[in-house]
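Here is a short report for a reader new to this structure. Look over the sequence and the model, then read on.

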Amino acid sequence: TQIRFDGKRALVTGAGKGIGRDVCLLLHQCGAEIVAISRSKEDLESLSKEIPCQTIAVDLENVEEVKKAVESIGQIDLLVNNAGIASLAPFLETKLEDYERVMNVNVRQVVVVSQIVAKGMVERKKGGTIVNVSSQASSVAIAEHTSYCTSKGALDQLTRMMALELGPHNVRVNAVNPTVTLTPMGEFAWSEKSKAEPMLAKIPLGRFAKPREVSNVIAFLLSDLSSMSRHPLVITLDDSAID
Ligand code: NDP
């Protein structure tokens, strides 16, 4: 069965680079109309040259600007809360400002964006689907990832809450929890050989994921193929990677 999203509008956050950008390309191929949110204008300009899409450049940390932007978009059927950042430091040296930035971008803005989008889905009574891009880091401890692991653990719980309360309105909410994926963020955190090798040794397939391997799972979770998935279905891509 081929996944099709003809006639559906998709909102993707963090659409400029990495996984979010690839999700836009894939959902476009599947027939969805794309609304792309990201921070750097240049990335959005190059994306809109690659595929037809509406772009919104906004820093997702800025709650008021985000509210205004998302409220102006109109009907959304598919939401991918993908934007996320990492900040690396040992626990004892983790700065509160970095911790707050990571929590704001990886968790708080998901609440802000999803409340607006899901309210529209509930009011229109036609259902909808939401996928939160979490991480294997939600359920295991990774050295120097205090802010990141904490934020993704919170995102998994947020996913469960959204699934519980939006499910009765036929709005499905799931999460995808990738292992290290070869994007600018993945390279930032894992390009050093001394970090990459022990991580790779724990991944049974012996390699990091490609963005499309994550996007494919996101498309599946957005589609009717996962129409009766447990709410939420948290698909971890290689969860034996770390302990
Ligand atoms: P990248 O850093 O490669 O891309 C992230 C995108 O999100 C960029 O376009 C970035 O824009 C945008 N973004 C970040 N912060 C903001 C913000 N405050 N406002 C608006 N846009 C923002 O990340 P990935 O593609 O690797 O990651 C995507 C998601 O996947 C994240 O949630 C991440 O935690 C998760 N993930 C990634 C893994 C990996 O190994 N790569 C593994 C597991 C999960 P700009 O560059 O302009 O700031």
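## Around the ligand

A backbone N or O atom of N82 sits 2.7 Å from an oxygen atom of the ligand. For T181, a backbone N or O atom also lies 2.7 Å from a ligand oxygen. M185 brings a backbone N or O atom to 3.3 Å from an oxygen atom of the ligand. The model is a predicted one.

## Helices α4 and α5

Helix α4 covers residues 96–124, and helix α5 covers residues 146–166. Their axes come within 9 Å and cross at roughly 15 degrees. An angle under 35 degrees counts as roughly parallel, so α4 is roughly parallel to α5. The crossing is right-handed.

On the α4 side, the contact includes D98, Y99, V102 and M103. On the α5 side, the residues include S147, Y148, T150 and S151. By class, the contact of α4 with α5 has 14 nonpolar, five polar and two charged residues.

## Helices α1 and α2

Helix α1 spans residues 18–29, and helix α2 spans residues 41–50. They pack at an angle of about 20 degrees, with their axes 11 Å apart. That angle makes α1 roughly parallel to α2. Their crossing is right-handed.

From α1, R21, C24 and L25 take part; they meet D43, S46, L47 and E50 of α2. By class, this contact has three nonpolar, one polar and three charged residues.

Conventions:
Residues numbered from 1 in each chain as written. Predicted model: local features only at pLDDT ≥ 70, side-chain atom pairs only at ≥ 80, totals over all residues. Heavy atoms only, no water. Axes fitted to C-alpha atoms, helices over the stretch in contact; angles between N-to-C directions. Helix = DSSP H or I, 4+ residues; strand = E, 2+ residues; numbered from the N terminus. Parallel < 35°, antiparallel > 145°, perpendicular 65-115°, else oblique. Left-handed = near helix turned anticlockwise from the far one by under 90°. Contact = heavy atoms within 4.5 Å. Nonpolar A, V, L, I, M, F, W, Y, C, P; charged D, E, K, R; others polar. Polar contact = N/O pair within 3.5 Å; in protein donor to acceptor, adjacent residues only side chain to side chain.
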